[in-house]
Amino acid sequence: MSQFTILVVEDEEAIRSMLVMVLQQYDFNVLEAGDVAQAQLILEDTLPDLILLDWMLPKVTGDEWTRRLKSSDNFRDLPIILVTAKGEETDKIRGLDLGADDYVTKPFSPKELISRIKAVLRRSGKIHDLTQIKFQDIVLDTTQHCVSIANSEVEISPTEFRLLSFFLTHPDKVYNRTQLLDQVWGRSVYIEERTVDVHIRRLRKILAKYQREEWLQTVRGFGYRFSEKNS
Ligand code: CA
């Protein structure tokens, strides 16, 4: 039920930013690294669900790192999609058994990339249906941007949708207003903290129609939590 995290390893900044943007549009959490050394540091404290790995990297190349990860005990099950430039190494990849789970050739469309990622996540058993987020009888469809509660379609604005989506994928934890602003609105947007309260109230109103408002809890002095447990 949690959101998926993808580690993007790409030395060309413009391409890396493009990949990050595309992945975020499709609701993936993204970590980024410019080379294998940086990527390895990230792996020391976070385990992503998938690595999108450029083939041509300075020092340690993508194929070399793939071989290392796939022969290590800790990371052999971590899915890897190798990214190559057109014509570059495509035949070589096909011919070699690198152990990568798939590869994509630049230039590729965002749609192609996303469907490859979903296919790899599905094959690795990580997802059954990436488009749906469920919490009890609340079902949120991230492609259709619609929500149903107890089988009835709910009318919801884009902001409340994002807020609900965040809560459903991060249940039982308390978030303060600053954290919610960062996670739901993004750091680059300047919004006053009390705006969060406004949207929380609106979301609670929607939930109240289905007697689910007690799941969106105020934790006094801290912030908000989405939970079916009372405390
Ligand atoms: Ca490169």
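Predicted model: local features only at pLDDT ≥ 70, side-chain atom pairs only at ≥ 80, totals over all residues.
Local features are reported at pLDDT of at least 70 and side-chain atom pairs only at pLDDT 80 or more, while totals for chains, interfaces and linings use all residues. Residues are numbered from 1 along each chain as its sequence is written, and side-chain values use heavy atoms, with hydrogens and water left out.

**Overview. Helices, strands and burial in the protein.** The protein contains eight helices and 12 strands, where helices (H or I, at least four residues) and strands (E, at least two) are DSSP runs numbered from the N terminus. Of its 231 residues, 47% are buried, a term that here means under 20% relative accessible area, with exposed meaning over 50% and partly exposed lying in between (1.4 Å probe, protein chains only). Among contacts (heavy atoms within 4.5 Å) with a separation of 6 or more, 54% join residues 24 or more positions apart.

**View 1. The largest nonpolar core.** A nonpolar core is a set of buried Ala, Val, Leu, Ile, Met, Phe, Trp, Tyr and Cys residues joined through side-chain atoms within 4.5 Å. The largest one has 29 residues, and I138, F167 and F226 have the most contacts inside it. At least two residues of this core come from each of strand 6 (132-135), strand 7 (138-141), strand 8 (146-149), helix 6, helix 7 (177-185), helix 8 and strand 12 (223-226), and helix 6 supplies the largest share, six residues. Another core, of 20 residues, lies apart from it and includes L19, V20, L23 and I114.

**View 2. The surroundings of I138.** When neighbours within four places in sequence are left aside, I138 is in contact with I133, V147, S148, I149, L164, L168, L207, W215 and F226. Of these partners, F226 is also named with I138 among the residues that have the most contacts inside the largest core.

**View 3. Helix 6 against helix 8.** The axes of helix 6 (residues 158-169) and helix 8 (residues 193-208) come within 10 Å and cross at roughly 80°; axes are lines fitted to C-alpha atoms, for helices over the stretch in contact, and angles run from 0 to 180 degrees between N-to-C directions. The two helices are therefore roughly perpendicular, the description used for 65 to 115 degrees, whereas angles under 35 degrees count as roughly parallel, over 145 as roughly antiparallel and the rest as oblique. T159, E160, L163, L164 and F167 of helix 6 make the contact with H199, I200, R202 and L203 of helix 8. T159 of helix 6 is buried, with a relative accessible area of 16%, and, beyond its neighbours within four places in sequence, is in contact with V184, W185 and H199.

**View 4. Helix 7 against helix 8.** Helix 7 and helix 8 pack at an angle of about 75°, with their axes 9 Å apart, which makes helix 7 roughly perpendicular to helix 8. R177, T178, L180, L181 and W185 of helix 7 meet E193, V196, D197, H199 and I200 of helix 8 in this contact.

**View 5. G223 in strand 12.** G223 has its place in strand 12 and is buried, with a relative accessible area of 5%. The C-alpha atoms of G223 and V174 are separated by 6.3 Å, although the two residues are 49 residues apart along the chain. With neighbours within four places in sequence left aside, G223 is in contact with V174, Y175, N176, Q217 and T218.
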